[in-house]
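I opened a new page for this one and jotted down what I looked up, in order.

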Amino acid sequence: QNYFLFTPLLPSAATGTLEVKSLMASIRKIVNDISGHYLEAKAEKVEFLEKLVKVSQLDPITKEKKSFYLPYDKLVIAVGSTANTHGVEGLEHCSRLKTAEDAIALRKKIKNILEIACLPTTSDDERKKLLSFVVCGGGPTGVEFAAEVFDLLNEDLPTSYPRILRQQLSVHIIQSRSNILNTYDERISEYAAQRFRKETIDILTNSRVDKILPDRVVFKQKNMGTGEVE
């Protein structure tokens with residue numbers, strides 16, 4: 001897993017605006033520049049008294065586990081992180097955008113969707129459903145991806161995919177707060193919302209995703225007029 005990744009540009013990589021390799025730096029090159037040595041293996045145990053780390057690696061051919069000890073003077077433990085699912089069910093039905101692998105998979109998925117949408121056997125209703133993109137989360141990544149997908153299908157692809165009609169495309173953002181980009185300055189948030197309304201990107205605020213099904217997203221939305229949750 002390459003952690004030397006410029007994640008803010010992942011939406012651009014997912015839509016093909018940028019190549020994924022341009023977002024990453026090689027850990028080997030970084031380590032070599034300081035005369036270091038990189039090993040891709042799993043640290044299993046630390047012997048603090050002896051200043052040794054027990055490391056193992058699985059042989060890709062024989063599947064045999066090989067272990068060895070690595071001495072250290074100073075030890076840095078990077079614990080990593082996991083994605084917060086916020087209790088949403090059915091995440092296996094959606095695409096994520098956190099890693100380079102996610103961007104590659106999403107780019108391939110979008111291309112496959114476009115190819116199916118172009119087939120003469122695809123009805124208008126099916127095409128409309130295929131070209132309906134729902135982004136869960138109105139943060140920087142969600143907003144950027146929604147804009148990238150909208151631009152891709154409206155500006156870049158009409159000549160390549162003549163059967164895809166602009167009016168059949170829809171992009172929706174589901175945001176739990178009262179506005180998108182809520183961690184940014186209010187002026188930035190309002191500007192983004194105005195641009196999206198102008199470009200007919202649907203913003204659903206005060207909405208929390210409940211679960212994701214294979215063909216739809218179920219969410220709860222607070223009616224600001226009555227205060228009731230629908």
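Ground rules: I'm looking at a predicted model, where local features need pLDDT of at least 70, side-chain atom pairs count only at pLDDT 80 or more, and totals for chains, interfaces and linings use all residues. Residues are numbered from 1 along each chain as its sequence is written, and side-chain values use heavy atoms, with hydrogens and water left out.

Entry 1, overall size. I checked the radius of gyration (over C-alpha atoms; the globule rule is 2.2 Å times the number of residues to the power 0.38). The protein chain has 23 Å, while a compact globule of 230 residues would be near 17 Å. Its C-alpha trace spans about 65 × 45 × 30 Å along the principal axes.

Entry 3, secondary structure. I counted 6 helices and 8 strands; these are DSSP runs, helices being H or I of at least four residues and strands E of at least two, numbered from the N terminus.

I traced an open, antiparallel sheet of 3 strands in the order β1-β2-β3. β1 (42-47) and β3 are its edge strands, each pairing on one side only. Pairing takes at least two DSSP bridges between strands; 7 bridges join β2 (residues 52-58) to β3 (residues 65-71).

Which residue in the turn between β2 and β3 has a positive phi? I noted Lys 63, at about 65°, with 6 residues between the two strands. Across the pair, Val 55 stands opposite Phe 68 in β3, and Gln 57 stands opposite Lys 66.
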